[in-house]
Number of protein chains: 2
Amino acid sequence: MPDARRYHRLPSPFLMKRGGELHSADLAYETWGTLSPHADNAVLVLPGLSPSAHAASNRHDPSDGWWEAIIGPGKAIDTGRWFVICINSLGSCKGSTGPASNNPDSGKPYGIEFPELTLEDAANANQCLLDALGIKRLACLVGCSMGGMTALAQMLLHPGCTRAHISISTAPQAQPFAIAIRSLQREAIRLDPNWNDGDYDEAHYPEAGMRIARKLGVITYRSALEWSGRFSRIRLDSGAREGDPFAAEFAVESYLEAHARRFVRTYDPNSYLYLSRASDWFDVAEYGDGSVADGLRRIHIEDALVIGVETDILFPIEQQKAVADGLAASGARVRFEALDSPQGHDAFLVDTERFGAAIRAFLDTLPRTDSIGSCVVPLPQHHEN
Amino acid sequence: MPDARRYHRLPSPFLMKRGGELHSADLAYETWGTLSPHADNAVLVLPGLSPSAHAASNRHDPSDGWWEAIIGPGKAIDTGRWFVICINSLGSCKGSTGPASNNPDSGKPYGIEFPELTLEDAANANQCLLDALGIKRLACLVGCSMGGMTALAQMLLHPGCTRAHISISTAPQAQPFAIAIRSLQREAIRLDPNWNDGDYDEAHYPEAGMRIARKLGVITYRSALEWSGRFSRIRLDSGAREGDPFAAEFAVESYLEAHARRFVRTYDPNSYLYLSRASDWFDVAEYGDGSVADGLRRIHIEDALVIGVETDILFPIEQQKAVADGLAASGARVRFEALDSPQGHDAFLVDTERFGAAIRAFLDTLPRTDSIGSCVVPLPQHHEN
């Protein structure tokens with residue numbers, strides 16, 4: 001299978017916020033476009049919980065990426081102008097070191113021996129990569145959903161790391177509704193006997209728990225409004241039910257089923273647990289005098305675009321507004337876009353027309369950097385982890 | 001334990017909408033107040049999915065009922081004026097015949113051999129009880145949540161069964177978001193190995209599945225707004241976690257846990273499955289030309305109060321508005337109250353101040369019936385089922 005991932009070896013030991021440390025840990029990432037001679041045209045994209053670093057097709061991997069409609073030549077994030085990097089979060093399972101990786105001390109997967117993970121650890125790891133690439137200041141740091149929280153952490157922990165910021169459908173702190181949903185997803189996984197305290201394998205995989213976790217995710221990623229229009233009370237062919245009153249009967253049930261089927265066994269359950277809990281823990285208020293507003297005021301950037309969606313129940317629009325207000329209070333020029341996409345939290349992955357237009361318009365306002373051309377920064381060699 | 005339940009034996013066989021039949025089935029109910037000589041002061045209250053017929057304390061059972069603040073002498077539903085009946089739905093497990101009841105043919109619990117259940121069956125059973133009590137026309141039929149759907153079915157199937165109607169936080173048809181939530185709750189129960197195709201006992205009870213189903217219920221019964229104000233990011237005493245990063249840490253997690261603990265093992269999982277699916281199936285549109293509006297126009301009553309809550313994500317306010325509009329189109333005098341209670345779908349159980357005021361004001365407008373006094377209708381004898 002084609003693979004465009006590059007790997008950056010983190011400093012060893014890599015110290016974690018809550019006390020643990022990692023040895024010989026890697027960060028997986030992909031890039032598009034060319035870094036300018038002054039390394040001032042870099043755009044770092046941080047995905048949500050589940051996507052990999054493959055945000056768009058590229059030379060090494062022509063398959064569509066998770067943000068194919070947004071990233072590419074002439075697209076909203078124009079790879080003719082920008083050097084785009086997408087990082088698979090530390091703790092994930094798409095190439096970066098996480099609970100499914102082998103613990104070099106034991107030679108076996110970490111499982112729940114993986115140290116407690118925070119989004120701050122992910123942010124610090126991202127910064128290590130930027131340092132290695134010689135990028136002193138990003139032109140723009142883009143964070144979507146969980147990646148938006150990591151982006152906030154990165155700007156708080158590494159002042160000056162970026163000139164501009166795009167915050168998409170994220171939260172400055174986890175609120176109880178989101179914590180409740182994630183807690184229940186974790187419970188479903190942990191109650192699955194196959195989870196076995198994090199010690200499972202392909203033959204004994206907590207599939208039932210992951211199915212429920214994913215379906216609950218999908219329910220909260222979309223919106224009731226979209227589903228009423230899309231599925232209404234459409235029924236499936238009744239033949240399949242064969243007298244079982246609890247078998248899938250409505251279109252919305254088979255939709256959830258299809259989502260679960262695509263996800264289960266492609267994502268490591270322990271990674272899910274760790275990143276889910278890290279999201280609960282994240283709180284910008286810890287960086288200020290205890291309020292989100294004060295925490296956000298500690299971020300110093302020049303321009304920001306904050307995009308949210310009215311139908312998002314997981315990261316409600318009020319939280320996007322709080323991010324916009326907080327960044328504005330710190331002196332940034334802030335655009336706030338409350339889009340009326342019906343797709344809820346997932347809109348940034350689906351309604352790429354509205355999101356693309358907002359991102360393109362914002363990036364067009366950023367100052368031109370030096371021209372791209374002859375000088376190509378030497379990228380670290382590919383190595384397999 | 002004190003027990004105020006009475007039981008009404010349904011006609012045997014009791015024919016079900018989707019084809020099955022029940023033999024020697026019972027309906028459990030409780031009453032408050034005194035039926036007037038002309039039997040024209042009866043108010044029938046239909047609860048949501050989980051509560052029993054014990055809506056309020058009474059002579060036989062002085063413990064608080066689930067609507068204690070609303071029903072009683074001088075309260076919003078004034079038992080000094082009204083003869084109040086509350087029925088435990090057919091298919092439930094609080095005294096009425098349901099999947100946990102013994103099948104008289106086998107002498108063993110029905111389990112999933114219970115016939116497919118619809119809310120129309122529950123409505124027909126309710127009507128049998130009213131007939132037995134000599135109540136030709138209710139003064140008011142009150143339905144809450146699932147009970148609100150059963151009430152709509154009862155008015156469609158038994159025209160003239162009530163003079164007035166109070167519809168509370170219900171839906172004229174299940175929409176895909178609600179179907180998705182309920183489908184996932186059912187999946188959690190059915191994936192629990194202890195569910196065992198509906199054949200379990202106390203020693204092998206699908207506790208894990210019921211915990212998840214209940215927690216998901218609680219999440220959708222309340223609102224993000226309420227929880228942000230109530231729990232914020234309050235943490236539990238850290239001692240209990242003992243280094244387990246996935247143990248309950250936030251107040252909202254222990255709140256869910258407490259709810260699950262109170263519910264699990266007090267409710268029959270098969271009953272939950274049957275009533276949940278019956279709710280998915282319910283659709284007023286089937287009674288009209290295919291639209292909800294047309295279905296509702298077939299209901300002929302004189303007065304209606306429709307109450308919904310802006311923060312209800314399970315039965316959104318637009319659905320309450322549709323009920324109000326449909327009843328108005330059929331010629332009823334309709335009051336529509338969109339309350340701004342923060343408690344979401346559960347508000348009718350919690351914000352009894354707002355709900356009580358609306359209900360009291362509406363009932364005060366209903367015409368006085370004949371005076372209550374000497375004639376007490378003979379109620380069926382208590383018998384245990």
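Predicted model: local features only at pLDDT ≥ 70, side-chain atom pairs only at ≥ 80, totals over all residues.
Ground rules first. Residues count from 1 along each chain as its sequence is written, and chains are lettered from A and ligands numbered from 1 in the order written. For local features I need pLDDT of at least 70, side-chain atom pairs count only at pLDDT 80 or more, and totals for chains, interfaces and linings use all residues.

**Domains.** I looked up chain A: domain 1 is 6-175 + 287-365 and domain 2 is 178-273, with bounds from an automatic or database assignment. Their C-alpha centres lie 26 Å apart. I find 21 residues of domain 1 of chain A in contact with 17 of domain 2 of chain A (C-beta atoms, placed from the backbone, within 7 Å).

**Chain contact.** Chain B and chain A each put in 38 residues. On the chain B side, H3(B) gives the most, with 12 residues; helices here are DSSP runs (H or I, at least four residues) and strands are E runs of at least two, numbered from the N terminus.

**Cis prolines.** The Ser12(A)–Pro13(A) peptide bond is cis, omega about 0°, and Pro13(A) sits in the loop between strands E1 (6-9) and E2 (14-15) of chain A. In chain B, Ser12(B) to Pro13(B) is cis, with omega near 0°.

**Positive phi.** Asp197(B), in the loop between H3 and H4 of chain B, has phi near 55°. I checked its surroundings: 9 C-beta neighbours inside 10 Å, so Asp197(B) counts as exposed (12 or fewer other C-beta atoms within 10 Å, placed from the backbone; 20 or more is buried, in between partly exposed). Arg265(B), between H6 and H7 of chain B, shows phi of about 75°.

Key: Contact = placed C-beta atoms within 7 Å.
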